[in-house]
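Trainee: Please pick one part of this model and go through it closely, with the cut-offs stated.

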Amino acid sequence: MKIEIKNRWDSTEVLFAGEYKDVRSALEAAAKSGASLSKANLTGAHLSRAHLSRADLSGASLYEANLTGAHLSRAHLYGASLYGANLTGASLTGALGRPE
């Protein structure tokens, strides 16, 4: 199915898009390609066990996202909204919560 990851502040701006089975697969592909996911709207996304190491999620909305067991090592999380997100078992080693 076609998945579009949009800007959390401007829903007309598509940050990444393609044919994927789910949001998790699209997000992993975006992260692997080095695409910026800064300010992405990922509110309520099911991202358990997602491989998002080094992803730029700065300013992204991860409000109430399921990040159980997600790999977020060295991800850029500065300004990201993680309120209500489930981070049980997530790997955050080296994740950046402030600008470099």
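Helix α1 and the segment after it

Mentor: The buried residues of α1 have a cover that includes β1 (2–6) and β2 (14–19). Helices (H or I, at least four residues) and strands (E, at least two) are DSSP runs, numbered from the N terminus. The model is predicted, so local features need pLDDT of at least 70 and side-chain atom pairs 80 or more, while totals for chains, interfaces and linings use all residues. Residues are numbered from 1 along each chain as its sequence is written, and side-chain values use heavy atoms, with hydrogens and water left out.

Helix α1 spans residues 23–33, and its buried residues are S25, A26, L27, E28, A30 and A31. Buried means under 20% relative accessible area, exposed over 50%, and partly exposed in between (1.4 Å probe, protein chains only). Just after α1, G34 has a positive phi of about 85 degrees.

L57 lies in the segment after α1. L57 counts as buried because its relative accessibility is 1%. Beyond its neighbours within four places in sequence, L57 is in contact (heavy atoms within 4.5 Å) with L37, L42, L62, L72, H76, L77 and A80. From L57 to L72 the C-alpha distance is 9.7 Å, across 15 residues of sequence.

Rings of Phe, Tyr and Trp (its six-membered ring) pair if their centres lie within 6.5 Å; planes under 30 degrees apart count as stacked, over 60 as edge-to-face and the rest as tilted. This rule gives two aromatic pairs. One of them, Y63 with Y83, is stacked, at 5.9 Å centre to centre and 10 degrees between the planes. Both residues are in the segment after α1, 20 residues apart, and the pair links distant parts of the chain. Y63 is partly exposed at 32% relative accessible area, and Y83 is exposed at 63%.
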